[in-house]
Amino acid sequence: EEYAKKATLAPQIPSKTDFQIDSSLNSSLCKKVSIFQGDITTLEIDAIVNAANTSLLGGGGVDGAIHRAAGPNLLAECKTLNGCPTGDAVITGGYKLPAKYVIHTVGPRGEKPGLLQQCYRNCLKIMAERKLQTVAFPCISTGIYDYPNEPAAHVAASEVRKFLEKNSEVERVVFCIFLDQDHVIYEGVLQSYFPLK
Ligand code: ADP
């Protein structure tokens, strides 16, 4: 609820008074994460993350939605990249999307936490290298690739927290939730990794 109210798009940063920050955390850190429930292709943000497959040539789920919304030039750029190994990430333009860039990452099939951690880490590493400030992640691997939803949310939150503890240039990380069940899970998981009260 709280995260959802504060969520939506990149430039909206909740006011300081809404929060009483856990003293163990940097006070600016918890304000940088939010939940948006809906279609990731609608977000006007520096980068959206695609849960792609190793071919990078498009697929179902969020990958299909991103390619449909971005138009054929995204596929043309992806064809030049010669694929991407599981756990790795690559960046392309956003083409017809409102997002400036797409960071394509390939999640593991099934519950393989080391590889899912690498996905989040490598996407965030690209954010830092490119000096991008706002990013939205879908629930990588939890659709067709069948990673259990709650353990996947813990990996997502813990990797984002670790990154934000070291990097102060990324301004906003949006967890883009599609399914109601993930919304419930993320409300709970984010409360523990990014406590608001
Ligand atoms: P994977 O193959 O990595 O499991 P999927 O695309 O099958 O990837 O699923 C990843 C998550 O993306 C799932 O939670 C799915 O419900 C969600 N999803 C599907 N379409 C969209 C969309 N347009 N925007 C955001 N999330 C989406």
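Reply: Let's start with residue classes: Ala, Val, Leu, Ile, Met, Phe, Trp, Tyr, Cys and Pro count as nonpolar, Asp, Glu, Lys and Arg as charged, and the others, Gly among them, as polar. By that scheme, the shell around the ligand here has twelve nonpolar, six polar and three charged residues.

Me: Thanks! What kind of model is this?

Reply: This is a predicted model, in which local features need pLDDT of at least 70 and side-chain atom pairs count only at pLDDT 80 or more, while totals for chains, interfaces and linings use all residues. Residues are numbered from 1 along each chain as its sequence is written.

Me: How many helices and strands are there in the protein?

Reply: Helices (H or I, at least four residues) and strands (E, at least two) are DSSP runs, numbered from the N terminus. This protein has six helices and six strands, and along the sequence they follow the pattern α-β-β-α-α-β-β-α-β-α-β-α.

Me: Back to the ligand: which residues come nearest?

Reply: A residue is near a molecule if its C-beta atom, placed from the backbone, lies within 6 Å of it. Around this ligand there are 21 residues, and A51, G61, G143, Y145 and F178 come nearest. Helix 2 (residues 61-70) gives the most to this shell, with four residues.

Me: Now burial. Is I35 buried or exposed?

Reply: We count neighbours: a residue is buried if 20 or more other C-beta atoms, placed from the backbone, lie within 10 Å of its own, exposed if 12 or fewer, and partly exposed in between. I35, found in strand 1 (residues 33-37), is buried because 21 other C-beta atoms lie within 10 Å. Across the protein, buried residues make up 43% of the 197 residues.

Me: How far apart are I35 and G60 in space?

Reply: From C-alpha to C-alpha, I35 and G60 are 23 Å apart, and they are 25 residues apart in sequence.

Me: Which residue has a positive phi although it is not a glycine?

Reply: S141 is one, with a phi of about 75°. S141 sits in the loop between strand 5 and helix 5 and counts as buried because it has 27 C-beta neighbours inside 10 Å. K131 also has a positive phi, near 55°. K131 lies in the loop between helix 4 and strand 5 (134-137), and K131 is exposed because it has 9 other C-beta atoms within 10 Å.

Me: At what angle do helix 4 and helix 5 pack?

Reply: Axes are lines fitted to C-alpha atoms over the stretch in contact, and angles run from 0 to 180 degrees between N-to-C directions. Helix 4 (residues 113-129) and helix 5 (residues 149-166) pack at about 40°, with their axes 9 Å apart. They are therefore oblique to each other (angles under 35 degrees count as roughly parallel, over 145 as roughly antiparallel, 65 to 115 as roughly perpendicular and the rest as oblique).

Me: Which residues of helix 4 meet helix 5?

Reply: Two residues are in contact if their C-beta atoms, placed from the backbone, lie within 7 Å. P113, L116, Q117, Y120, R121 and L124 in helix 4 meet A152, V155, A156, E159, V160 and F163 in helix 5. These divide into nine nonpolar, one polar and two charged.

Me: And where do the axes of helix 5 and helix 6 come?

Reply: The axes of helix 5 and helix 6 (residues 180-193) come within 9 Å and cross at roughly 40°, so this pair is oblique. Among the residues making the contact are H154 and R161 of helix 5 and I185 and Y193 of helix 6.
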